[in-house]
Amino acid sequence: MTTVTDLYPTRGAGEVTVPRQDPVVWGSPDAPGPIATADLQSYERDGFLAVDQLITPDEVEVYRRELERLVTDPAIRADERSIVEPKSKEIRSVFEVHRISEVFAKLVRDPRVVGRARQILGSDVYVHQSRINVKPGFGASGFYWHSDFETWHAEDGLPNMRTVSVSIALTENFDTNGGLMIMPGSHRSFLGCAGETPKDNYKKSLQMQDAGTPSDEALTKFASEHGIRLFTGRAGSATWFDCNCMHGSGDNITPFPRSNVFIVFNSVENTAVEPFAAPVRRPDFIGARDFTPVR
């Protein structure tokens, strides 16, 4: 069995900060693709890229109807891939939507989507995770500050930072309804968190993050160094962001819902091994073990 070097220690006795050991853009800067060279350079610098209109208004309606169908289907609600709000008991997320729904499977294969992922990661890609997120008005809870890679490394066994996420808005993202916040440039430093990972941690962490949560002191330092960017945009807009960006979102206490589809692409050259800091793997619907490239 091949031993994989742990470049990013985490879940130990104390927090540690490690400089990023991997490229941000793995592909050639002048490789053909839907992302312009200047935008790719911006992504490399900031760790994210906002696209004003990734899909059209007509397409938004198709995906929004499919989201509504899924979250109102009793069979989907009963499926372990559905995560419900602790208080309201409404569906918060549905995972593995590209397998549940052919409508979202087509979105994953769309050249505007997978083409950008291939361009950033410099290889064929597979879906490490997909989900729809639903933030209805009047009290849908947010998600605390975290780095996705910290969790995917610790609990799913992704060795390197060769993973990119896209959040596609299916409702308008205002500056008040619990939108995505990112610390620009935070992807350049890995923050290893303190504390061991409980068994089956995912059952709790998908509702409220605990293990893998940075300290207030670390977050204050990161925010002082990098600032915070809040993403707004109309339905159909999208935000691409690096796996190691420090990000989070607030509660939605407005009347205006916020829903999006979230797709995580990983390089086929960065497939998961055993978890680096967890007793067991998370289920496949959260951290895929099928590394078949998107075609």
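This report walks through the sheet, cores, salt bridges, cysteines and backbone of one predicted model.

## Basis of the model

The model is predicted, so local features need pLDDT of at least 70 and side-chain atom pairs count only at pLDDT 80 or more, while totals for chains, interfaces and linings use all residues. Residues are numbered from 1 along each chain as its sequence is written, and side-chain values use heavy atoms, with hydrogens and water left out.

## The sheet and its helix

Helices (H or I, at least four residues) and strands (E, at least two) are DSSP runs, numbered from the N terminus. Two strands pair if DSSP finds at least two bridges between them. Four strands make an open sheet, in the order β6-β12-β8-β10, with antiparallel pairing. At the edges stand β6 (143-147) and β10 (229-230). Each has a single partner strand, so one side of each is left without a neighbour in the sheet.

Strand β8 (residues 180-182) is joined to β10 by two bridges, and the two run antiparallel. Met181 has Leu230 in β10 as its bridge partner. Helix α7 (residues 148-156) packs on the sheet and touches β6 and β12 (246-249). Contact means heavy atoms within 4.5 Å. The direction of α7 makes about 70 degrees with that of β6. Axes are lines fitted to C-alpha atoms, for helices over the stretch in contact, and angles run from 0 to 180 degrees between N-to-C directions.

## Nonpolar cores

A nonpolar core is a set of buried Ala, Val, Leu, Ile, Met, Phe, Trp, Tyr and Cys residues joined through side-chain atoms within 4.5 Å. Buried means under 20% relative accessible area, exposed over 50%, partly exposed in between (1.4 Å probe, protein chains only).

The largest core has 40 residues. Those with the most contacts inside it include Leu107, Ile132, Trp240 and Phe265. Beyond its neighbours within four places in sequence, Ile132 is in contact with residues including Leu67, Arg92, Phe104 and Val261. Another core lies apart, with 19 residues, among them Tyr126, Phe149, Leu158 and Leu180.

## Salt bridges

The count comes to 19 salt bridges. Each is a side-chain nitrogen of Lys or Arg within 4 Å of a carboxyl oxygen of Asp or Glu. Asp156 and Arg282 form one, at 2.8 Å from N to O. Asp156 lies in helix α7 and Arg282 in the segment after β13 (258-267), so the pair ties together parts that are 126 residues apart in sequence. Both residues, Asp156 and Arg282, are buried.

Glu225 and Lys221 meet at 2.7 Å, N to O. Both lie in helix α9 (residues 216-226), four residues apart, about one turn of the helix. Glu225 is partly exposed, at 48% relative accessibility. Shared partners also join Asp79, Arg81, Glu96, Arg99 and Asp290 into one salt-bridge network. Within it, the closest N and O atoms of Arg81 and Asp79 are 3.0 Å apart.

## Cysteines

The whole structure holds zero disulfides. A disulfide is a pair of cysteine sulfur atoms within 2.5 Å. The closest cysteine sulfur to that of Cys243 is in Cys245, 8.2 Å away, too far for a bond. Cys243 is buried, at 0% relative accessibility. Cys245 is also buried, at 0%.

## Positive phi angles

Arg11 has phi near 60 degrees, a positive value in a residue other than glycine. Arg11 sits in the segment before β1 (16-19) and is buried, at 7% relative accessibility.

Glu96 has a positive phi of about 55 degrees, although it is not a glycine. Glu96 lies in the loop between β4 (91-95) and α4 (97-100). At 12% relative accessibility, Glu96 is buried.
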